[in-house]
Structures are given as C-alpha cells and as structure tokens.
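Here is a short briefing to read with the model open beside you. Take it topic by topic, and pick out the residues as they come up.

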Amino acid sequence: MNQLCSYKGYAAHIEFSPEDGCFVGHIVDIADIVGFHGETISELQIAFEAAVDDYLEVCDRVGKLPQSESVV
C-alpha cells in the first residue's frame, strides 16, 4: 500500500510494513527526516498530524523557517 495524505499543506508517503505489523510514513518534499507510524489508519492520521505540528514547533523554537510545504 502506497498512499499520500496531507495536513497543513504537508504531504506524507504511507506504506504498510508487514514486518512491523503497522503503517509507517514520512513527510515528503522536505530535506528534514520526519517519520511516524500507527497500527490503524486512525492512529496513523493522528501520528502524522502530531509529526507535522512537532516539526513546525521545533522549527519555531530553534528559529528555523520550516521547509516549503508540499502542494497536494
């Protein structure tokens, strides 16, 4: 399963990992590596949104401009 979802303009690439028994994803189109996972689609969506929010918060805290948002 390959899927893209979006939140606040950021997109994520999602795959199912049979080895781990969960969905794994990462934010695409930014150089920073931001990953997340969840056992269900609902958990995955929550984890993705939290990852984006955390990324934006860390950028703000360290005085770094977030990388360009994806257009989805």
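**Briefing: loops, helix and core**

At 62% relative accessibility, Asp29 counts as exposed, because the cut-off for exposed is over 50%. Please keep in mind that this is a predicted model. The chain holds one helix and four strands, and along the sequence they follow the pattern β-β-β-β-α.

**Loops and backbone angles**

- Asp29 sits in the loop between strand 3 and strand 4, and its phi is near 65°, a positive value in a residue other than glycine.
- Ile30 is also found in the loop between strand 3 and strand 4. Buried or exposed, and why? Ile30 has a relative accessible area of 12%, so it is buried, the cut-off being under 20%.
- Ile30 and Gln67 are 37 residues apart in sequence, yet their C-alpha atoms are 5.9 Å apart in space.
- Lys8 belongs to the loop between strand 1 and strand 2, and it has a positive phi near 50° in a residue other than glycine.
- With a relative accessible area of 46%, Lys8 is partly exposed, because that value lies between the cut-offs of 20% and 50%.

**Helix 1**

- Helix 1 covers residues 41-62, which is 22 residues. At 1.5 Å a residue it should span 32 Å, and its end C-alpha atoms are 31 Å apart, so the two values agree.
- Which residues of helix 1 are buried? They are Leu44, Ala47, Phe48, Ala51, Val52, Tyr55 and Cys59. These residues cover an arc of only 135° around the axis, so they lie on the same side of helix 1.

**The nonpolar core**

- The largest nonpolar core has 17 residues, and those that touch the most other members are Ile14, Ile27, Phe36 and Phe48.
- At least two residues of this core come from each of strand 1 (2-7), strand 2 (10-17), strand 3 (22-27) and helix 1. Helix 1 gives the largest share, seven residues.
- As a rule, in soluble globular proteins, nonpolar side chains tend to be buried together.
- What does Phe48 touch, leaving aside its neighbours within four places in sequence? Phe48 is in contact with Cys5, Ser6, Tyr7, Tyr10, Ala11, Ala12, Ile27 and Phe36.

**Cysteines**

- How many disulfides does a search of the whole structure find? The search finds zero.
- Cys5 has 17% relative accessibility, so it counts as buried under the 20% cut-off.
- Cys59 has 3% relative accessibility, so it counts as buried too.

**The chain as a whole**

- The chain has 72 residues, and 33% of them count as buried.
- The accessible surface of the chain comes to about 4600 Å², and 54% of this belongs to carbon and sulfur atoms.
- Taking contacts between residues at least 6 apart in sequence, 37% join residues at least 24 apart.

Technical notes
Residues numbered from 1 in each chain as written. Predicted model: local features only at pLDDT ≥ 70, side-chain atom pairs only at ≥ 80, totals over all residues. Heavy atoms only, no water. Disulfide = S-S within 2.5 Å. Buried < 20%, exposed > 50% of the residue type's maximum accessible area, 1.4 Å probe, protein only. Expected span 1.5 Å × (residues − 1). Arc of directions from axis to C-beta. Contact = heavy atoms within 4.5 Å. Areas by Shrake-Rupley, 256 points an atom, 1.4 Å probe, with all protein chains shown as cover. Core = buried A, V, L, I, M, F, W, Y, C linked by side-chain atoms within 4.5 Å.
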